[in-house]
Amino acid sequence: MTPEKEIRVKIAQNIIEQCEILFSAQAWKFFQNLGRGYLYLHKVVNIQHSGGNNFSITEGVSHLGNSVHYVAKGSEAWNMAKLSQAAKQQPIEYAQFFTLIDNYNPDNEYVVIVGFNYGSDATEYWFLRKPEVPPQQAFSLVRGRPLEFGVELF
C-alpha cells in the first residue's frame with residue numbers, strides 16, 4: 001500500500017472512530033426503514049509528499065457534502081455500484097463486499113464506506129464495524145440527546 005493510501009485509510013478510521021455512536025445510530029435507523037445496506041461518506045483530500053516522511057494534507061469540498069448517506073440493498077445507488085467500472089475491475093473485492101452486506105449482523109454491526117476524491121484518484125475503503133455501543137442502543141442514545149451528538153432532529 002502506498003503512503004498516500006495508508007494516510008487515506010487512517011483518515012477514514014479516525015472519522016469512523018470519532019463518529020462511531022452517531023454512525024451506529026444512523027445505521028440502525030436506516031436499516032429499520034430501508035433494510036440491509038451501508039453508510040457512505042465521501043471526502044476530498046489532497047495529499048502531497050514533501051520528502052521523507054513529510055506529507056501535507058488539504059481537504060476540499062465534496063459534491064456530496066459532509067452528510068453520511070445510506071445505500072440500501074436493491075436501491076438505484078446499489079445497482080449502480082454493482083454495475084460500476086470499479087466492480088468490473090475488482091470482481092473479487094466487490095463480491096466479498098456484497099456478501100458482507102448479506103451477512104453482517106445489524107443488531108451488533110454496521111458497514112461503512114469512506115470514499116475519497118474523484119476520477120482516476122478515486123478510492124473507497126469499506127469497514128465492518130462492531131461498535132462498543134450496539135446500533136439499536138446507539139439509536140436510543142442519539143434520539144434521546146440529539147444535540148449532544150451534533151444533530152438537531154433524529
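Below are questions and answers about the labels used for this model.

Q: What should I keep in mind about where the values come from?
A: This is a predicted model, so local features need pLDDT of at least 70 and side-chain atom pairs count only at pLDDT 80 or more, while totals for chains, interfaces and linings use all residues. Residues are numbered from 1 along each chain as its sequence is written, and side-chain values use heavy atoms, with hydrogens and water left out.

Q: Why is N117 called buried?
A: Buried means under 20% relative accessible area, exposed over 50%, and partly exposed in between (1.4 Å probe, protein chains only). N117 has 7% relative accessibility, so it counts as buried. N117 is in the loop between strand 4 and strand 5. Helices (H or I, at least four residues) and strands (E, at least two) are DSSP runs, numbered from the N terminus.

Q: What does N117 touch?
A: Leaving out residues up to four places away in sequence, N117 touches R8, H42, K43, V44, V45 and A122. Contact here means heavy atoms within 4.5 Å.

Q: What makes strand 4 and strand 5 a pair?
A: Two strands pair if DSSP finds at least two bridges between them. Strand 4 (residues 110-116) and strand 5 are joined by seven bridges and run antiparallel, so they meet that definition. V114 has Y125 as its bridge partner in strand 5. The two strands form a hairpin with six residues between them, and N117 in the turn has a positive phi of about 60 degrees.

Q: Why is the pair of Y38 and F97 called edge-to-face?
A: Rings of Phe, Tyr and Trp (its six-membered ring) pair if their centres lie within 6.5 Å; planes under 30 degrees apart count as stacked, over 60 as edge-to-face and the rest as tilted. The structure holds nine aromatic pairs. In one of them, the ring centres of Y38 and F97 are 5.1 Å apart and the planes are at 75 degrees, so this pair is edge-to-face. Y38 is in strand 1 (residues 37-49) and F97 in helix 5 (residues 91-103), 59 residues apart.

Q: Why is the pair of F97 and W126 called tilted?
A: The ring centres of F97 and W126 are 5.5 Å apart with planes at 55 degrees, so the pair is tilted. F97 has a relative accessible area of 4% and is buried, whereas W126, at 37%, is partly exposed. Ring pairs link both into a cluster with Y38, W78, Y94 and F98.

Q: How do you know that the charged end of K82 sits over the ring of F98?
A: A charge sits over a ring if NZ of Lys or CZ of Arg is within 6 Å of the ring centre and within 35 degrees of the ring normal. The charged end of K82 is 5.4 Å from the centre of the F98 ring. R36 lies over the face of Y104, at 4.8 Å from the ring centre.

Q: What makes K73 and D102 a polar contact?
A: A polar contact is a pair of N or O atoms within 3.5 Å; within protein, one must be able to donate a hydrogen and the other to accept it, and residues adjacent in sequence count only if both atoms are side-chain atoms. The side chains of K73 and D102 are joined at 2.2 Å. K73 is partly exposed, with a relative accessible area of 41%.
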